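Biologist: Hi! Could you walk me through the charged side-chain pairs in this one?
Modeller: Happy to, let me bring it up.

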Amino acid sequence: MKKIILDEKNKKKIIVYSLSGIIVVAGAFILFNIGSLVNFIKDLIDILSPFIWGAAFAFIMSKFADFLEKKLPNSMAFKLKRFISSLLSILLLVIIVVVVVLIVSPQLAESVSKLSKIVVKFTANPKEWIHKVELSSNLPKEIVQIMYDYSNTLVNSIWTALKTSIPNIVNATIDTVSGVLNFVIGFIVALYMLIDREKIVDAFRKFFKAFVSNDTYVKMTVVYNVALTKFYKFFEGKLLDSLIIGVICFITMSILGLDFAMLISVVVGITNIIPFFGPFIGAIPSALILLMVDPFEALIFIIMILVLQQVDGNIIGPRILGDSVGLSSLWIMFAILVGGGYFGFFGMLLGVPIFSVVYYLVKEEVYKRLDPNYKKTAKAKDK
């Protein structure tokens, strides 16, 4: 048999063809098993949730930790300064969370208790509730009659929903207990991450530098810097914006004398973190809750939310967020729908900043290919 001798050119061809074949097969496997892949990612996220919470806390408090570290005396040893600044940052976050829970939880518990009593009264005698609504409001007789006609159907639907949701409530309770434990562990993880933040970043840099080419490493560094900037701008602005909206919602509802002010304000504030769809996600269930108390209250609330969201969208949001994500409304909607479709609430929350990073990098690459002088022009404009 003749011995086959491969020159360098043929060796490279074989490697390229082999890698291309592997990528095609892997891509086809992922495409046909996308559901299993998504479930695997979800399970992995559940397992790593203490580290995810820790990374999130460290990410939020890192700038404050840097600020504290600079304020400590220069005579102090670096390790001691790092430990004190990191510990104080995490303690501040813990205090904020505890204070918010202590202020909000009693009113939330009261609201939930009140809501459960209303649901029980409504389901026990819906026609009496409709009669009270009829006496206390000026609803047209046709609408009142429709409410009478469909009252039993509505009650049956509520009881069916409650029965079918019992297993989900049990699972949600278990998940909540587990989530609280992971949340608490997250503070400890965050402390260690803040103490060793440069070491962690440096370890990742060394790892990628050892296994990828220099050009790829440079590109990955660009992606990291862009992602860090986009995520900081988005979450800092959005958290502050949502806090302001939640507080304004509570104050306005209290002035108007609407029920469940604390419960609804918390819901509105949390869901407001999600761009575009957030206000609707929080307002719809809140309006339904008020509808069971008094349809007129529900109407006032809907008008209030519409005004509040206009103020947020045109005044508060632009001043706080600016153009932090750099996406049009169409792409924001796309990112939320795709992220939410695969990963629920957190997919809706993270979809926008992740997609904004992808969009920015793709846009830069497109402009660079169309105009070789684009990078120089962009730098000149920045100056």
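Biologist: Thanks! How many salt bridges does the structure hold?
Modeller: There are seven salt bridges, and keep in mind that this is a predicted model.

Biologist: Let's pick one. What does E198 pair with?
Modeller: E198 forms a salt bridge with R82, and their closest N and O atoms are 2.6 Å apart. E198 sits in helix α8 (residues 197-211) and R82 in helix α4 (residues 78-124), so this pair ties together parts that are 116 residues apart in sequence.

Biologist: And R82, is that buried or exposed?
Modeller: R82 is buried, with a relative accessible area of 4%. E198, on the other hand, is partly exposed at 43%.

Biologist: Switching to another pair: which residue does D202 bridge to?
Modeller: That would be K206, with the closest N and O atoms 3.3 Å apart. D202 and K206 are four residues apart in helix α8, so about one helical turn separates them. D202 is partly exposed at 34% relative accessible area, while K206 counts as exposed at 56%.

Biologist: What about D241, where is its partner?
Modeller: D241 meets K238 in a salt bridge, 3.7 Å from N to O. Both lie in helix α9 (residues 214-256), three residues apart, which is about one turn of the helix. D241 is buried at 0% relative accessibility, and K238 is buried too, at 8%.

Biologist: Last one: which residues do salt bridges with shared partners join into one network?
Modeller: D66, E69, R82, R197 and E198 are joined that way.

How values were computed:
Residues are numbered from 1 along each chain as its sequence is written. This is a predicted model: local features need pLDDT of at least 70, side-chain atom pairs count only at pLDDT 80 or more; totals for chains, interfaces and linings use all residues. Side-chain values use heavy atoms; hydrogens and water are left out. A salt bridge is a side-chain nitrogen of Lys or Arg within 4 Å of a carboxyl oxygen of Asp or Glu. Helices (H or I, at least four residues) and strands (E, at least two) are DSSP runs, numbered from the N terminus. Buried means under 20% relative accessible area, exposed over 50%, partly exposed in between (1.4 Å probe, protein chains only).
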